[in-house]
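Hi,

Here is the structure I promised to pass on. Have a look through it first, and then read my notes below.

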Amino acid sequence: QVQLVESGGGLVQTGDSLRLSCVASGRTFSSYVMGWFRQAPGKGREFVATIKTSDGRTHYADSVKGRFTISRDNAKNTVYLQMNSLLHEDTAVYYCARSRSAYLGPERWTMSNEYGYWGQGTQVAVSS
(Lines give C-alpha, C1' and ligand atoms only; values in the text may rest on other atoms or scores of the structure.)
Protein backbone atom coordinates (compact mmCIF):
# COMPACT_ATOMS: atom_id res chain seq x y z
CA GLN A 1 0.00 0.00 0.00
CA VAL A 2 1.24 3.46 -0.89
CA GLN A 3 0.82 6.38 1.48
CA LEU A 4 1.47 9.99 0.55
CA VAL A 5 1.78 12.75 3.13
CA GLU A 6 1.96 16.40 2.09
CA SER A 7 3.24 19.28 4.17
CA GLY A 8 4.34 22.88 3.77
CA GLY A 9 1.11 24.70 3.09
CA GLY A 10 0.13 27.91 4.82
CA LEU A 11 -1.11 31.47 4.57
CA VAL A 12 1.11 33.87 2.65
CA GLN A 13 0.88 37.15 0.78
CA THR A 14 0.95 37.77 -2.95
CA GLY A 15 4.51 37.48 -4.23
CA ASP A 16 5.67 35.19 -1.43
CA SER A 17 7.07 31.68 -1.78
CA LEU A 18 6.23 28.30 -0.30
CA ARG A 19 7.71 24.84 -0.67
CA LEU A 20 5.43 21.84 -0.47
CA SER A 21 6.75 18.38 0.31
CA CYS A 22 5.25 14.96 -0.29
CA VAL A 23 6.73 11.88 1.36
CA ALA A 24 5.81 8.50 -0.11
CA SER A 25 5.90 5.25 1.79
CA GLY A 26 5.05 1.72 0.85
CA ARG A 27 5.82 0.45 -2.61
CA THR A 28 8.69 1.77 -4.67
CA PHE A 29 8.78 5.48 -5.36
CA SER A 30 11.15 5.46 -8.28
CA SER A 31 10.00 4.86 -11.86
CA TYR A 32 6.52 6.27 -11.28
CA VAL A 33 5.13 9.66 -12.19
CA MET A 34 4.50 11.92 -9.23
CA GLY A 35 2.11 14.79 -9.64
CA TRP A 36 0.81 17.85 -7.86
CA PHE A 37 -2.81 18.82 -8.38
CA ARG A 38 -4.89 21.50 -6.70
CA GLN A 39 -8.51 22.23 -5.99
CA ALA A 40 -9.84 25.68 -5.27
CA PRO A 41 -13.17 26.22 -3.49
CA GLY A 42 -16.07 25.48 -5.82
CA LYS A 43 -13.81 24.24 -8.61
CA GLY A 44 -12.64 20.90 -9.93
CA ARG A 45 -9.25 19.35 -9.37
CA GLU A 46 -6.61 20.96 -11.58
CA PHE A 47 -3.26 19.66 -12.80
CA VAL A 48 -0.26 21.67 -11.57
CA ALA A 49 2.98 19.78 -12.25
CA THR A 50 4.40 16.31 -12.69
CA ILE A 51 7.79 14.64 -12.57
CA LYS A 52 8.98 11.26 -13.80
CA THR A 53 10.97 10.03 -10.82
CA SER A 54 13.34 7.84 -12.84
CA ASP A 55 14.71 10.53 -15.15
CA GLY A 56 13.46 13.85 -13.78
CA ARG A 57 11.37 14.86 -16.77
CA THR A 58 8.81 17.48 -15.78
CA HIS A 59 5.65 19.04 -17.10
CA TYR A 60 3.79 22.12 -15.86
CA ALA A 61 0.43 23.73 -16.26
CA ASP A 62 0.67 26.98 -18.21
CA SER A 63 -0.69 28.88 -15.22
CA VAL A 64 2.33 28.00 -13.06
CA LYS A 65 5.11 27.69 -15.63
CA GLY A 66 8.06 29.87 -14.70
CA ARG A 67 6.85 30.29 -11.10
CA PHE A 68 6.64 26.72 -9.77
CA THR A 69 9.32 24.03 -9.82
CA ILE A 70 8.76 20.34 -9.15
CA SER A 71 11.67 18.20 -8.02
CA ARG A 72 12.31 14.89 -6.32
CA ASP A 73 14.73 13.17 -3.99
CA ASN A 74 14.50 9.46 -4.73
CA ALA A 75 16.66 8.55 -1.74
CA LYS A 76 14.10 10.20 0.53
CA ASN A 77 11.02 9.12 -1.45
CA THR A 78 10.05 12.77 -1.51
CA VAL A 79 8.74 15.12 -4.18
CA TYR A 80 8.73 18.88 -3.76
CA LEU A 81 6.85 21.79 -5.24
CA GLN A 82 8.66 25.11 -4.95
CA MET A 83 6.14 27.88 -5.49
CA ASN A 84 7.43 31.39 -6.11
CA SER A 85 5.65 34.65 -6.95
CA LEU A 86 2.42 33.30 -5.54
CA LEU A 87 -0.83 34.83 -6.71
CA HIS A 88 -4.23 34.97 -5.05
CA GLU A 89 -5.52 32.56 -7.69
CA ASP A 90 -3.02 29.94 -6.48
CA THR A 91 -5.17 29.56 -3.36
CA ALA A 92 -6.28 25.93 -3.17
CA VAL A 93 -5.80 22.60 -1.47
CA TYR A 94 -2.74 21.01 -3.04
CA TYR A 95 -2.61 17.25 -3.47
CA CYS A 96 0.29 14.95 -4.17
CA ALA A 97 -0.40 11.87 -6.28
CA ARG A 98 1.39 8.83 -7.68
CA SER A 99 0.58 7.28 -11.02
CA ARG A 100 -1.05 3.87 -11.16
CA SER A 101 1.50 2.69 -13.71
CA ALA A 102 5.26 3.12 -13.97
CA TYR A 103 4.77 3.17 -17.75
CA LEU A 104 2.40 6.12 -17.95
CA GLY A 105 3.07 8.01 -21.15
CA PRO A 106 3.76 11.75 -21.04
CA GLU A 107 0.59 12.46 -23.00
CA ARG A 108 -1.39 11.30 -19.97
CA TRP A 109 0.62 12.90 -17.17
CA THR A 110 -1.92 15.67 -16.70
CA MET A 111 -4.91 13.34 -16.25
CA SER A 112 -5.93 12.93 -12.62
CA ASN A 113 -7.65 9.59 -13.26
CA GLU A 114 -4.25 8.09 -14.13
CA TYR A 115 -3.14 8.56 -10.53
CA GLY A 116 -4.18 5.87 -8.09
CA TYR A 117 -2.69 7.18 -4.85
CA TRP A 118 -3.40 10.55 -3.29
CA GLY A 119 -2.36 12.40 -0.19
CA GLN A 120 -4.73 14.15 2.17
CA GLY A 121 -3.91 17.59 0.79
CA THR A 122 -2.31 20.72 2.20
CA GLN A 123 -3.98 24.13 2.17
CA VAL A 124 -2.30 27.06 0.46
CA ALA A 125 -3.91 30.47 0.93
CA VAL A 126 -2.54 33.58 -0.77
CA SER A 127 -3.90 36.89 0.40
CA SER A 128 -4.10 39.70 -2.13
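Let's start with Ser-21, which is buried, with a relative accessible area of 14%. For the wording: buried means under 20% relative accessible area, exposed means over 50%, and partly exposed is in between, using a 1.4 Å probe and protein chains only. Before you go further, keep in mind that this is a predicted model, where local features need pLDDT of at least 70 and side-chain atom pairs count only at pLDDT 80 or more, while totals for chains, interfaces and linings use all residues. Residues are numbered from 1 along each chain as its sequence is written, and side-chain values use heavy atoms, with hydrogens and water left out.

Back to Ser-21: you'll find this residue in strand β3. Helices (H or I, at least four residues) and strands (E, at least two) are DSSP runs, numbered from the N terminus. Which residues does Ser-21 touch, leaving aside its neighbours within four places in sequence? The contacts are Val-5, Glu-6, Ser-7, Trp-36, Thr-78, Val-79 and Tyr-80, where contact means heavy atoms within 4.5 Å.

Next, the disulfide

There is one disulfide in the structure, a disulfide being a pair of cysteine sulfur atoms within 2.5 Å. Cys-22 and Cys-96 form it, with their sulfur atoms 2.0 Å apart. Cys-22 lies in strand β3 (residues 18–25) and Cys-96 in strand β9, so the pair ties together parts that are 74 residues apart in sequence. The angle about the S-S bond is -75°, and the link of Cys-22 and Cys-96 is left-handed. Are these two cysteines buried or exposed? Both Cys-22 and Cys-96 are buried.

Then the rings

The structure holds four aromatic pairs. Rings of Phe, Tyr and Trp (its six-membered ring) pair if their centres lie within 6.5 Å; planes under 30 degrees apart count as stacked, over 60 as edge-to-face and the rest as tilted. One of the pairs is Phe-37 with Tyr-115, which is edge-to-face, at 5.1 Å centre to centre and 70° between the planes. Phe-37 sits in strand β4 (residues 33–39) and Tyr-115 in strand β10 (residues 115–118), so this pair ties together parts that are 78 residues apart in sequence. Both Phe-37 and Tyr-115 are buried.

Why is the pair of Phe-37 and Trp-118 called tilted? The ring centres of Phe-37 and Trp-118 are 5.1 Å apart and their planes are at 55°, so the pair is tilted. This pair also links distant parts of the chain, with Phe-37 in strand β4 and Trp-118 in strand β10, 81 residues apart. Phe-37 is buried at a relative accessible area of 1%, whereas Trp-118 is partly exposed at 27%. Phe-37, Phe-47, Tyr-115 and Trp-118 form one aromatic cluster.

Last, two loop residues

Asn-77 has a positive phi of about 50° although it is not a glycine. Asn-77 lies in the loop between β7 (68–73) and β8 (78–83), and is partly exposed, with a relative accessible area of 24%. Ser-85, not a glycine either, has a positive phi of about 50° as well. You'll find Ser-85 in the loop between β8 and β9 (92–99), partly exposed with a relative accessible area of 41%.

Happy browsing!
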